[in-house]
Amino acid sequence: MKRLRILLVEDKLRVAQHLKVQLQGLGHEVVGLANDGQEAVGLVWRLEPDLIIMEQHLPNIDGIETAQTILAHKPIPIILLTAYAAADFVRQAREVGVMAYLVTPGATRPWGPIIKVTLARFEELEAIGREVSNLKDALKTRNLVEQAKRVLMRRQKLSEAEAFRSMQQQSRSTGTSLGESASVALRVEELLFKHVNVVRTLQSTLFAIDGGLKSTARRPRRDAL
C-alpha cells in the first residue's frame with residue numbers, strides 16, 4: 001500500500017495521539033489533526049489529504065455533516081469512527097458518501113486491511129462517477145452496486161473486490177453501465193428468490209397432501225349399518 005497523507009479529526013487528544021502512532025507504524029503520514037468539523041473542512045482545503053479518519057461525535061457539527069460538507073466540494077475517502085452503528089447512522093453515512101465506518105474502541109483493530117478496503121471502495125465510486133454526471137447519481141448507483149456485490153459474494157463465494165471486478169467485466173462485455181449491470185444482478189436474484197419460495201411452497205403443499213392421504217389410508221373403515 002502506498003504511503004498516505006492522512007487527516008485525523010478527533011476532539012480527544014489521547015485517542016488522536018494513539019491513532020497517529022498506529023498509522024505512522026503502517027508507514028503513513030498524519031498531516032493534520034482537527035478538533036472539530038469546522039477546523040477539519042479548513043484543513044482539507046489547505047492540506048489536501050489522501051484519506052480522512054474522523055470521529056462521528058464532534059463538537060457543534062457531527063462527523064456525517066462534516067463529511068457531507070467536504071464531499072460536496074471534494075471527493076475523498078473518509079472513515080467514520082462511532083461508538084455504535086445504528087441502522088440510521090449507517091444509512092446516513094452511506095448517503096453522504098462515507099466509504100467505511102469503524103465501531104470504537106478500535107485500539108486493536110487492523111488498520112491496514114480497513115484502509116485497504118476503504119481505498120478500494122473509493123476507487124469503485126470513482127469508476128461509477130465516470131459513468132454519471134454528479135455525485136448524487138454516483139452515490140445512488142453505488143448503493144445498487146453494493147447490493148449487487150453482496151449478492152455475488154454470497155452466491156459465488158467471492159471477495160468484495162472480486163465481486164466488483166466481476167460486475168465490471170459484465171458491464172464491459174454487454175456494453176452497459178455498472179448501474180445497469182447491478183440492476184440486472186438484483187433482478188435475477190429477486191426472480192431466483194421468488195422461484196425458491198414457489199418451490200418451497202409447492203413442496204410444503206405436496207407434503208401436506210401426502211400426509212393427509214396417508215392419514216386417511218390408515219383410518220379404520222366403517223361399514224354402513
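Contact here means heavy atoms within 4.5 Å. By that criterion, and leaving aside its neighbours within four places in sequence, leucine 19 is in contact with Leu8, Leu81 and Trp111. The model is predicted: local features need pLDDT of at least 70, side-chain atom pairs count only at pLDDT 80 or more, and totals for chains, interfaces and linings use all residues. Residues are numbered from 1 along each chain as its sequence is written, and side-chain values use heavy atoms, with hydrogens and water left out.

## Overall architecture

The secondary structure of the protein consists of eight helices and five strands. Helices (H or I, at least four residues) and strands (E, at least two) are DSSP runs, numbered from the N terminus. Along the sequence, these elements follow the pattern β-α-β-α-β-α-β-α-β-α-α-α-α. Of the contacts in the protein with a separation of 6 or more, 61% are accounted for by residues 24 or more positions apart.

The accessible surface of the protein comes to about 13700 Å², and 55% of that surface belongs to carbon and sulfur atoms. Accessible areas come from the Shrake-Rupley method with a 1.4 Å probe; for residues, only the protein chains shown count as cover. Buried residues make up 37% of the 225 residues in the protein. A residue is termed buried under 20% relative accessible area, exposed over 50%, and partly exposed in between (1.4 Å probe, protein chains only).

## The sheet and its helices

The five strands of an open sheet are arranged in the order S2-S1-S3-S4-S5, with parallel pairing. Its edge strands are S2 (29-34) and S5 (100-103), each of which pairs on one side only. From one strand to the next, the twist averages 20 degrees. Two strands pair if DSSP finds at least two bridges between them. Strand S4 (residues 78-82) is joined to S5 by four bridges, and the two run parallel. Leucine 80 stands opposite tyrosine 101 in S5.

Helix H1 (residues 13-25) packs on the sheet and touches strand S1 (5-9), S2, strand S3 (51-55) and S4; the direction of H1 makes about 165 degrees with that of S1. Helix H5 (residues 111-129) also packs on the sheet, touching S3, S4 and S5, and its direction makes about 130 degrees with that of S4. For these angles, axes are lines fitted to C-alpha atoms, for helices over the stretch in contact, and the values run from 0 to 180 degrees between N-to-C directions.

Leucine 19 is placed in helix H1 and is buried, with a relative accessible area of 6%. Along the chain, leucine 19 and tryptophan 111 are 92 residues apart, while their C-alpha atoms are separated by 9.5 Å.

Valine 184 is exposed, at a relative accessible area of 53%, whereas serine 181 counts as buried at 8% relative accessibility. Leaving aside its neighbours within four places in sequence, serine 181 is in contact with Met167, Gln170, Ser171, Thr174 and Thr176.

On the surface, Val184, Val188 and Leu192 form a nonpolar patch with about 240 Å² of accessible area together. Patches are made of residues with over 30% relative accessible area and no salt bridge; like charges are joined within 9 Å, and nonpolar side chains (Val, Leu, Ile, Met, Phe, Trp, Tyr) within 5 Å.

## Salt bridges

Side chains of opposite charge can pair when their charged atoms come close. A salt bridge is a side-chain nitrogen of Lys or Arg within 4 Å of a carboxyl oxygen of Asp or Glu. By this rule the count is 10 salt bridges. Individual pairs are tabulated below.

| Glutamate 29 | Arginine 3 | 4.0 Å |

Glutamate 29 is partly exposed at 32% relative accessibility, and arginine 3 is exposed at 55%.

Glutamate 10 counts as buried at 2% relative accessibility. Lysine 12 is partly exposed, with a relative accessible area of 39%, and aspartate 11 is likewise partly exposed, at 31%.

A network of salt bridges links Arg121, Glu124, Glu146, Lys149 and Glu160.
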